[in-house]
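Here are my comments on the model you sent. Please read them with the coordinates open.

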Amino acid sequence: MSVAVAEKFDGTDGAEGEDISSSASERPSSDERVASERLCVGCRRTVPREELVRFAIADVAPYVVPDPQRKLGGRGASVHPTRECIQLAVKKGGFARAAKKSVTIDAAALWTSLARLYEQRSDSLLIAASRRNMLVIGTDAVREALRPSEKTGEVRIEVLVVASDAEGRREELEAGAARMGRRCCVIGTKNSLGRLFGRDEVGVLGILDSRIGDEVVRCAEIVSGLCGSRAGETDAKAAGRAVAE
Ligand SMILES: [Zn+2]
């Protein structure tokens, strides 16, 4: 059974909106414009569409709504799913140009709601993996599934997921996964992972399906870029409310 990761957030279907800036001088000619590329209205680089997330533009507050699945119709603007580009799109007027009017947008609220969507996305992928028996849960099961098969030498786990507050065997398992060339990502907490599977706490998980694993890793990277400590706490305040003109 093929795994339905097809309904990916930035899959290739869905409404196009006016993703490219409406300013004629900045718009590449139709010949140059490649359908699979989009302008990030934050950093203003043109990149493959998959790298960007769409925001739909509404006529009423909050004016700009995350639309990662590109399902909301109407006008839209594409942005890298990072604090930096969302902030630039607010400050330098990328969203306002798409809205064709001056709008007040809370950048921090935007990236917070976007991060929540990606968290929900990775939660549903983990639940889907579990229903398809493509998930192993808990230290013992993960350790077992990280052991190379005697026949093939392959390990079953594609991606190791650890809760941000996991302790115990975490380091041993992370080292084991790295040794076998398997990726690791950090998602949620022991409590939040536990809730997905009706348990009190889950500290480690192993995803056995590579496509689900890829998508979970992508979601986790985006979430960490949007809320991680890397971006610091001060810029959340700085971006608090900026009037896009
Ligand atoms: Zn950008």
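Predicted model: local features only at pLDDT ≥ 70, side-chain atom pairs only at ≥ 80, totals over all residues.

1. The protein chain has 245 residues, and 38% of them count as buried. Its secondary structure comes to eight helices and eleven strands.

2. Among contacts in the protein chain with a separation of 6 or more, 69% join residues 24 or more positions apart.

3. Take helix 1 (residues 83-91) and helix 3 (residues 107-131). Their axes come within 9 Å and cross at roughly 140°. An angle over 145 degrees would count as roughly antiparallel; helix 1 and helix 3 are therefore oblique to each other. The crossing of helix 1 past helix 3 is right-handed.

4. Which residues make that contact? Helix 1 supplies Arg-83, Ile-86, Gln-87 and Val-90, while helix 3 supplies Ala-107, Leu-110 and Trp-111. By class, the residues of this contact are five nonpolar, one polar and one charged.

5. Four strands form an open sheet in the order 7-10-8-9, and the pairing is mixed. Strand 7 (135-137) and strand 9 (183-186) are the edges; each has a single partner strand, so one side of each has no neighbour in the sheet. From one strand to the next, the twist averages 20°.

6. Within this sheet, strand 8 (residues 159-162) pairs with strand 10 (residues 204-207). The sense is antiparallel, over four bridges. Val-161 stands opposite Leu-205 of strand 10.

7. Check the helix over the sheet too. Helix 5 (residues 170-179) lies across strand 8, strand 9 and strand 10. Helix 5 runs at about 160° to strand 8.

Technical notes
Residues numbered from 1 in each chain as written. Axes fitted to C-alpha atoms, helices over the stretch in contact; angles between N-to-C directions. Helix = DSSP H or I, 4+ residues; strand = E, 2+ residues; numbered from the N terminus. Parallel < 35°, antiparallel > 145°, perpendicular 65-115°, else oblique. Left-handed = near helix turned anticlockwise from the far one by under 90°. Contact = placed C-beta atoms within 7 Å. Nonpolar A, V, L, I, M, F, W, Y, C, P; charged D, E, K, R; others polar. Buried ≥ 20, exposed ≤ 12 C-beta atoms within 10 Å, placed from the backbone. Pairing = 2+ DSSP bridges.
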